[in-house]
Amino acid sequence: MATSAPYEDVERLARELRGGDRTVLSRAITLVESKRADHRHIAAALTQALLRETGKAVRVGITGAPGVGKSTLIDGLGGRLTAQGRKVAVLAVDPSSRRTGGSILADKTRMAHLANDANAFIRPSPSSGTLGGVAARTRETMLLCEAAGYDVVLVETVGVGQSEIAVADMTDFFLVLALPGAGDELQALKKGVVELADMIAVNKADGDNLPRAKLAASQYGAALHILSPRSPNWSPPVVTCSALSGDGIEALWEHILEHRRRMTASGELAARRGEQQVKWMWTMLEERLFEPLRTDRALKAALPRIEGDVAAGRLAPGSAVEEIAELLGV
Ligand SMILES: Nc1nc2c(ncn2[C@@H]2O[C@H](COP(=O)(O)OP(=O)(O)OP(=O)(O)O)[C@@H](O)[C@H]2O)c(=O)[nH]1
Ligand SMILES: [Mg+2]
């Protein structure tokens, strides 16, 4: 790595990235994931330089409970898309620690076809940091992938905490996967997530599961009916599919393309992306402003005493804030 092109040469890195070289793409992603201030600076210059090349991909967010079949679906769908000549990037947002260590291996073995597909690029979730930070890095990675010529970006998130919202905020289409089953399945899906959904797909609709999958789909359909849709031009469909057998996967993609046609025609796609850009500006700004709170050494050293004093009633919370602000020089 020491002999590779210097990071400082943003123009060169941008040029090489446009050429679609995967090694360069990986290197650029490592740069945007870096916490070093100088890297951060170059990463910002790089995304600015690539601004015109970004935004061309179909961006799809995919969420659902652990084990629902997200990766299997992505493997199957992605494979179909690369067979049609598309270039597919697969990213993940997983701020929890359950992926650290074996993450690359886990994601790649679960996407066995795509992992060996020259037209697919799989990048696991940045492994540490706050949700805001992890998601912001993933979003920047998405932009780099677009600049490198990937025209479909699939972002997987397991949906812990607020990660679905972060993924919905960086994609054009938000797909919620659900499991077959009757009754309380609906309760298992968080209401806020259903409200974000552009489509619900009941996966594992195969074998003995098929009748239960159809039943679940009709229940979700009824539930969605009550909610007011996100867009006047789109009622989120509820479908069944089998990521394993491939049944329904083609139809799934057709819905995504139809949504895109309608959102483009109505101007909503451009509007949604514009709003997302501004939201991301704020997310990244908050990240940046909060950074010293997590990393400042003097503050770290003083915090146990300050918190102890506040807890014991010796120091008013307001005075503690003043003291902390002074320590940080803000
Ligand atoms: N029968 C059946 N099994 C499936 C289907 N899709 C996935 N599976 C199985 O379900 C298990 C979990 O699949 P994954 O694709 O790893 O699920 P995931 O949602 O990505 O899981 P996490 O990333 O851990 O949240 C695997 O054993 C798959 O083979 C399906 O359509 N039908
Ligand atoms: Mg997975």
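Modeller: A polar contact is a pair of N or O atoms within 3.5 Å; inside protein, one must be able to donate a hydrogen and the other to accept it, and sequence neighbours count only through side-chain atoms on both sides. The model is predicted, with pLDDT of at least 70 needed for local features and 80 or more for side-chain atom pairs, while totals for chains, interfaces and linings use all residues. Residues are numbered from 1 along each chain, chains are lettered from A and ligands numbered from 1 as written, and side-chain values use heavy atoms, without hydrogens and water.

Colleague: What makes the pair of Asp206 and ligand 1 a polar contact?

Modeller: A polar side-chain atom of Asp206 lies 2.6 Å from a nitrogen atom of ligand 1, so the pair is within the 3.5 Å limit. Thr72 has a polar side-chain atom 2.5 Å from an oxygen atom of the ligand, and a polar backbone atom of Val68 is 3.3 Å from an oxygen atom of ligand 1.

Colleague: How much of the accessible area of ligand 1 does the protein cover?

Modeller: The protein covers 77% of the 650 Å² that ligand 1 has on its own, by the Shrake-Rupley method with a 1.4 Å probe.

Colleague: Which residues surround ligand 1?

Modeller: There are 19 (each with a heavy atom within 4 Å), and the closest are Lys70, Thr72, Arg110, Asp206 and Ala243. Helix α4 (residues 70-83) gives the largest share of this shell, three residues. By class, the shell has six nonpolar, six polar and seven charged residues, with Asp, Glu, Lys and Arg as charged, Ala, Val, Leu, Ile, Met, Phe, Trp, Tyr, Cys and Pro as nonpolar, and the others, Gly among them, as polar.

Colleague: What lines the largest pocket?

Modeller: The largest pocket holds about 1100 Å³ of space. It has 35 lining residues, and Arg40, Ala44, Arg137, Glu140 and Met284 are the closest to its centre. A pocket is an open set of points on a 1 Å grid over the protein atoms alone, where a 1.4 Å probe fits, with protein on both sides within 12 Å along at least five of seven lines; lining residues have an atom within 4 Å of a point. α13 (268-295) supplies the largest share of the lining, twelve residues.

Conventions:
Grid points are joined across faces, edges and corners, and a volume is the space filled by probe spheres set on the points. Helices (H or I, at least four residues) and strands (E, at least two) are DSSP runs, numbered from the N terminus.
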